[in-house]
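Here is a short report on a sheet and a chain contact. Please keep the structure in view while reading.

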Amino acid sequence: MNLPGRSPASEQLLEEVKLYQRRKDVVDVDEGRIKVVLFRAGAGLYAFPGETIKEILSGHEIAWVPNLPAFLPGLIHIRGDIESVIDIRYFLGGEGTQPGGGLVLLAVKGDFRSGIRVDAVEDVADIPLSALKPPLSTLGGAARDLVSAEIDLGGSVIPLLDLDKLAVKVTL
Amino acid sequence: MSGLGEAPGRPRTLNLLRFEVGGACFAVESSQIAALLPFPGPGGSSASWFHQALEYAETPTYRAPVLAVVPVEEGPPRQLVMDALDELLDVGLDEIQPFPPLIEPFALRKGLWGVLPRGRQTVLLVDLRRLLAPACPGGAASESASASRSLP
């Protein structure tokens, strides 16, 4: 029992602290998280699920191959392995990246494996699943076909791109 | 010119001729070229040009063009204008990789069949017989003769 004008006993405070911690643990367990790679392509900011991006490569020269469609700028070799490179801007409504610039994300999901050229990587972040929202039906532009969700990140809405949808587009 | 070499227990080796056209690096198996001749100039030959056969979007600059004589399955040998050969390579089959699945269908259409990574360089392996074969989809053989007349 608390006496009038006296602060709660330390035992009571400790109980409250522990209770708070248990609640916090429960919240942390329930709140799943997802790692995302936030990247810039043209004027837009987009994300891929982190589990699909195996490496972020810089300084790799893309070897041009004749007769490829515009979304395939060529190939790179990574420690002796040859990988294709997709220019993601082709599918996001922007112009292709300039030769020699940008980074390449090595994306792998199921049987699909390719480099994806982007302008810059802004962040690799852990976000709560609750930050994922269904894509707006009003979302316009070429990116709409690639988006699986939208990330509400501190007021900014960032399209989360689906590698499966990209794979379908490039293998058609 | 020699072609395949084989040693017991070791990967088969290919004897390749490396050359560059328009900033891209290619290699062809040496047995596919019967002879290399001096290029007589644009008016002196009805040969196909390499960049036309591969359907480059832009005409590249050739440093020192040579005329390659390429035996084909049917008919007389064909002539192909290539740029000067830079290097002779003996390469094991285990050093060569297929094109990645996304690129392979496009590459094979033009006789490009493999990739040789060499340091920072990427060498594209080209089968000249397939490239020049009339049956090759988007075939170079029929169109290149007329196109070459307008080249410098």
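## Sheet and interface

In chain B, β5(B) and strand β7 (residues 78-82) run parallel and are joined by 2 bridges. Strands here are DSSP runs of E, at least two residues, numbered from the N terminus; two of them pair if DSSP finds at least two bridges between them. B:Trp49 lies opposite B:Val81 in β7(B). The open sheet has 4 strands in the order β4-β6-β7-β5 (chain B), and its pairing is mixed. β4 (35-38) and β5 (48-49) of chain B are the edges; each has a single partner strand, so one side of each lacks a neighbour in the sheet.

This is a predicted model: local features need pLDDT of at least 70, side-chain atom pairs need pLDDT 80 or more, and totals for chains, interfaces and linings use all residues. Residues are numbered from 1 along each chain as its sequence is written, chains are lettered from A and ligands numbered from 1 in the order written, and side-chain values use heavy atoms, without hydrogens and water.

Now the interface. Contact means heavy atoms within 4.5 Å. Buried area is the accessible area (1.4 Å probe) that two parts lose on being put together, summed over both.

| Chain B and chain A | Value |
|---|---|
| Residues in contact | 20 residues from chain B, 23 residues from chain A |
| Buried area | about 1700 Å², 71% on carbon and sulfur atoms |

In chain B, B:Leu102, B:Ile103 and B:Phe106 lose the most area to chain A, together 36% of what that side buries.
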